[in-house]
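The following note sets out comments on the structure shown below. The points are numbered so that each may be answered separately.

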Amino acid sequence: MPVYRDEGVVLRTHKLGEADRIVTLLTKTHGKVRAVAKGVRRTSSKFGARLEPFMVADIQFYQGRSLDTIQQAETIASYGADIVDDYARFTAANVMVETADKVTELESSSQQYLLLIGALRSLSRQEHPTELTLDSYLLRALSMAGWAPSFDGCAKCGAEGPHESFIVQLGGMVCTQCAPPGSAHIVPQVVLLLDALVRGEWDVAEAVPVEYWSKASSLVSAYTQWHLERTLRSLEHVAR
């Protein structure tokens with residue numbers, strides 16, 4: 001059908017001409033959509049503010065040959081206002097939407113959409129520490145995409161843990177027999193934190209002393225970029 005409706009979260013925008021904008025959204029049922037929002041850069045635009053990054057809207061699209069056109073947009077949730085006022089949350093949200101953009105390149109799912117919405121909502125409300133919210137989102141988004149890290153058994157041979165080495169290229173914790181020579185050992189507190197974040201067990205994660213958070217974040221960043229096979233530009237601006 002040439003006209004359809006869906007709810008979506010704005011991932012990014014690009015200027016088009018003097019007054020238009022190309023909006024990339026992750027939608028609930030139609031996957032990732034790139035559409036033209038005409039006239040939204042004019043001060044008289046009725047829905048320009050509803051199509052900014054991190055905004056969630058109910059949108060009516062007109063299907064085009066190469067790009068769809070946004071005809072209507074009604075705000076569902078406005079997370080952007082709370083996020084952009086805080087640098088740490090703003091940079092974390094940018095990593096989230098960039099990751100969502102990458103993991104849905106080949107295949108989108110409603111689960112990825114709902115995960116992103118939940119993470120942005122949590123971030124805007126400061127329900128949990130920003131760095132833990134980001135790391136949990138990254139681990140869970142990768143798991144949904146088929147790259148779930150192993151924290152119990154050895155990621156290579158399946159030997160029962162606990163193990164001491166986390167090898168990004170092998171998919172998680174590995175036993176001493178499978179670990180490459182010279183592999184760094186990871187303390188149990190970091191493993192506990194990573195496992196809690198991927199499971200969404202916030203009481204366990206937040207009980208881990210803060211001095212272990214940075215090490216966990218560095219492993220999450222490396223793991224994410226290895227499996228996405230590219231550098232996330234927004235990660236450069238995240239304070240770790």
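1. Is R89 buried or exposed? The model is a predicted one, and in it R89 belongs to helix α2. With a relative accessible area of 9%, R89 is buried, since the cut-off for a buried residue is under 20%. Apart from residues up to four places away in sequence, R89 touches D82, I83, L123, S124, Q126 and T130.

2. The packing of helix α2 on helix α3 deserves a point of its own. Two packed helices are described by the angle between their axes and the distance between the axes. Helix α2 (residues 87-103) and helix α3 (residues 110-125) pack at an angle of about 180 degrees, and their axes are 10 Å apart. Angles over 145 degrees count as roughly antiparallel, and α2 and α3 are therefore roughly antiparallel to each other. On the α2 side the contact is made by R89, A92, A93, M96, V97, A100 and V103; α3 contributes Q112, L116, A119, L120, L123 and S124. Sorted by class, the residues in this contact are 10 nonpolar, 2 polar and 1 charged.

3. The sheet comes next. A barrel is closed by 5 strands in the order β1-β2-β3-β5-β4, with mixed pairing. On average, neighbouring strands of this sheet are turned by 50 degrees against each other, direction ignored. Strand β4 and strand β5 (residues 68-78) run antiparallel and are joined by 8 bridges. D58 stands opposite E74, a residue of β5.

4. Helix α3 lies across β1, β2 and β4 and runs at about 60 degrees to β1.

5. Which residues does L115 contact beyond its neighbours within four places in sequence? They are Y137, R140, A141 and M144. L115 itself is found in helix α3 and, at 12% relative accessibility, counts as buried. Between L115 and R140 the C-alpha to C-alpha distance is 8.1 Å, although the two are 25 residues apart in sequence.

6. The aromatic pairs come to a count of 4. One of them is formed by Y4 and F61, which are stacked, with 4.9 Å from centre to centre and 20 degrees between the planes. This pair links distant parts of the chain, as Y4 is in strand β1 (residues 3-16) and F61 in strand β4 (residues 55-62), 57 residues apart. Both Y4 and F61 are buried.

7. Why does the pair of F151 and F166 count as stacked? The ring centres of F151 and F166 are 6.0 Å apart and the planes are at 20 degrees, so the pair is stacked; the cut-offs are centres within 6.5 Å for a pair and planes under 30 degrees apart for stacking. F151 lies in the loop between α4 (130-144) and β6 (165-167), while F166 is in strand β6, so the pair ties together parts that are 15 residues apart in sequence. F151 is buried, with a relative accessible area of 8%, and F166 also counts as buried, at 9% relative accessibility. Together with Y223, F151 and F166 form one aromatic cluster.

Terms used
Residues are numbered from 1 along each chain as its sequence is written. This is a predicted model: local features need pLDDT of at least 70, side-chain atom pairs count only at pLDDT 80 or more; totals for chains, interfaces and linings use all residues. Side-chain values use heavy atoms; hydrogens and water are left out. Rings of Phe, Tyr and Trp (its six-membered ring) pair if their centres lie within 6.5 Å; planes under 30 degrees apart count as stacked, over 60 as edge-to-face and the rest as tilted. Helices (H or I, at least four residues) and strands (E, at least two) are DSSP runs, numbered from the N terminus. Buried means under 20% relative accessible area, exposed over 50%, partly exposed in between (1.4 Å probe, protein chains only). Axes are lines fitted to C-alpha atoms, for helices over the stretch in contact, and angles run from 0 to 180 degrees between N-to-C directions. Angles under 35 degrees count as roughly parallel, over 145 as roughly antiparallel, 65 to 115 as roughly perpendicular and the rest as oblique. Contact means heavy atoms within 4.5 Å. Ala, Val, Leu, Ile, Met, Phe, Trp, Tyr, Cys and Pro count as nonpolar, Asp, Glu, Lys and Arg as charged, and the others, Gly among them, as polar. Two strands pair if DSSP finds at least two bridges between them.
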